[in-house]
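This report looks at how one protein chain is built and how parts of it pack together. Have the sequence and the model at hand while reading.

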Amino acid sequence: MGKSARQWIALAKEGKSDDECWEVPPTPSGGVRSSLYMGKDLHVYRHVLTMIGCDVPSGLVVMHSCDNRHCCNPRHLSIGTQSENILDASNKGRLPKETRSHPGESNPASVLTERDVLYIRQCGLSTVELMDKYHVSKGTINDARAGRTWRNVPWEG
Ligand SMILES: [Zn+2]
């Protein structure tokens, strides 16, 4: 507490070159330091982006190319989608297994994606046509269509 994001960033940047990580000291519990911005508690690296005039659109997340969550060097930051971030973290082995992908897609036997399931439920093609299209069993198609699997996929309409 006490210090503003600006002060934390100035502290992190002190004596560092443009290419080094500007590391903000973690919170006492080891978390990423955050500070209020327009009423919202944002991680300091989010402040860095707003300070250089770069807004993070809602739904998108900040990614660290240096893989150092405490770093707030804008050269090491990029904006991506949540799934890119998860993919990135999972490639780097940073995430526990269960958060690596969506509930349905994490099933190793599943070769369908959420998009496929939505299509299967809406397209009006026959089961045989769909089996041929996706190379999956009759049961897989029927279960997905009936909602016995892929319960996490919203039904449209
Ligand atoms: Zn860095």
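Helices (H or I, at least four residues) and strands (E, at least two) are DSSP runs, numbered from the N terminus. By that rule, the protein chain of this predicted model has six helices and four strands. Their order along the sequence is α-β-β-α-β-β-α-α-α-α. The chain has 157 residues, of which 18% count as buried. Among contacts between residues at least 6 apart in sequence, 46% join residues at least 24 apart.

| Core | Residues in the core | Members include |
|---|---|---|
| Largest nonpolar core | 13 residues | Ile9, Val44, Tyr45 and Cys72 |
| Second, separate core | eight residues | Val117, Ile141, Ala144 and Trp150 |

In the largest core, the four residues named are those with the most contacts inside it. Helices α1 (5-13) and α2 (44-51) each supply at least two residues of this core, and α1 gives the most, with four residues. Leaving out residues up to four places away in sequence, Ile9 touches Val24, Val44, His47, Val48 and Cys72.

How do α1 and α2 pack, and at what angle? Two packed helices are described by the angle between their axes and the distance between the axes. For α1 and α2 the angle is about 95 degrees and the axes are 10 Å apart. Angles of 65 to 115 degrees count as roughly perpendicular, so α1 is roughly perpendicular to α2. On the α1 side, the contact is made by Ala5, Trp8 and Ile9, and on the α2 side by Val44, His47 and Val48. Five of the residues in this contact are nonpolar, one is polar and none is charged.

Definitions and conventions:
Residues numbered from 1 in each chain as written. Predicted model: local features only at pLDDT ≥ 70, side-chain atom pairs only at ≥ 80, totals over all residues. Core = buried A, V, L, I, M, F, W, Y, C linked by C-beta atoms within 7 Å. Buried ≥ 20, exposed ≤ 12 C-beta atoms within 10 Å, placed from the backbone. Contact = placed C-beta atoms within 7 Å. Axes fitted to C-alpha atoms, helices over the stretch in contact; angles between N-to-C directions. Parallel < 35°, antiparallel > 145°, perpendicular 65-115°, else oblique. Nonpolar A, V, L, I, M, F, W, Y, C, P; charged D, E, K, R; others polar.
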